[in-house]
Amino acid sequence: ESILGPSGYSVVRAYTGQQALERARTAHPDLIILDAQMPDIHGFEICRMLRSDPRFSATTPIVITTSGPSGRTQRLEAYRAGAWEFLGQPLDGEALLLKLGTFLQCKLEVDGLREESLLDPGTGLYNMRGLSHRAHEIGADAFRRRDPLACVVFSPEPEGTDAGDSPDEEVQRIAQQVGQLFKRAGRSSDAIGRLGHAEFAVIAPATS
């Protein structure tokens, strides 16, 4: 914090591995710095858990630091866990700031491209932006041809929750299943999209 704060970064602290997981999932930080020697969960394991969490962005840089040995074995393990960098002591503050600046520039560019995308990354269906774009095109064509046009909006609910799944994980699992179903059964002329966390829509041209 003493290095990042004066350089304009807003820092959210976490004192345990569990706190780090919770705050990463709720605060959606642009970058995470983990201490390898957390009191409850090892930093490498926290990194692995974040990388496997669909609620956490895969493009968020994670840097792991250690006050212990920082040899090749530890460095390779950090990279296998999904870390972008592994740093030992003494920490070079100037080099750290330069690396973070490069990492964040990459992340922000990817985030910008994702926002401009027309597809939902979790399902492969249209996102709200893409569905709105297609609805305008399909609607204009239907009006010109005087064709019927149908739209169905729905929100599936689980019959039961898998053991160990959180509500968010259950919703994401259902969304993936819905996406796979529509890719198999949807008509090529239909525009199918994800409106929200668990809301979907089908715009069907030439359908009364």
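Helices here are DSSP runs of H or I with at least four residues, strands are runs of E with at least two, and both are numbered from the N terminus. The two side chains meet in a salt bridge, with 3.0 Å from N to O. A salt bridge is a side-chain nitrogen of Lys or Arg within 4 Å of a carboxyl oxygen of Asp or Glu.

Arg 144 is exposed, at 60% relative accessible area, whereas Asp 141 is partly exposed, at 27%. Buried stands for under 20% relative accessible area, exposed for over 50%, and partly exposed for values in between, with a 1.4 Å probe and protein chains only.

## Basis of the model

This is a predicted model, in which local features need pLDDT of at least 70 and side-chain atom pairs count only at pLDDT 80 or more, while totals for chains, interfaces and linings use all residues. Residues are numbered from 1 along each chain as its sequence is written, and side-chain values use heavy atoms, with hydrogens and water left out.

## Other salt bridges

By the rule given above, the count of salt bridges comes to 13. One of them joins Arg 48 and Glu 45, whose closest N and O atoms are 3.3 Å apart. Both residues belong to helix α2 and are three residues apart, about one turn of the helix. Arg 48 is partly exposed at 34% relative accessible area, and Glu 45 is partly exposed at 33%.

In helix α4, Lys 107 and Asp 111 are four residues apart, so about one helical turn separates them. Their side chains form a salt bridge of 2.6 Å, N to O. Lys 107 is buried, with a relative accessibility of 5%, and Asp 111 is buried as well, with 17%. A network of salt bridges links Asp 30, Lys 107 and Asp 111.

## The nonpolar core

The largest nonpolar core has 19 residues, and those with the most contacts inside it are Ile 32, Leu 34, Ile 46, Cys 47, Leu 50, Ile 62 and Ile 64. Such a core is a set of buried Ala, Val, Leu, Ile, Met, Phe, Trp, Tyr and Cys residues joined through side-chain atoms within 4.5 Å. At least two residues of this core come from each of α1 (17-27), β1 (32-35), α2 (43-51), β2 (62-65) and α3 (72-81). Helix α2 supplies the largest share, four residues.

Leaving aside residues up to four places away in sequence, Ile 64 touches Leu 34, Ala 36, Gly 43, Phe 44, Cys 47, Ala 78, Ala 83, Glu 85, Phe 86 and Leu 87. A contact means heavy atoms within 4.5 Å.

## Backbone exceptions

Most residues other than glycine have a negative phi, and most peptide bonds are trans. Gln 89 and Pro 90 are joined by a cis peptide bond, with omega about 0 degrees. Pro 90 sits in the loop between β3 (85-87) and α4 (93-116).

Arg 146, a residue other than glycine, has a positive phi near 60 degrees. Arg 146 is in the loop between α5 (128-145) and β4 (149-154) and is exposed, at 77% relative accessible area. Ala 206, also not a glycine, has a positive phi of about 55 degrees. Ala 206 lies in the segment after β6 (200-205) and is exposed, at 57% relative accessibility.
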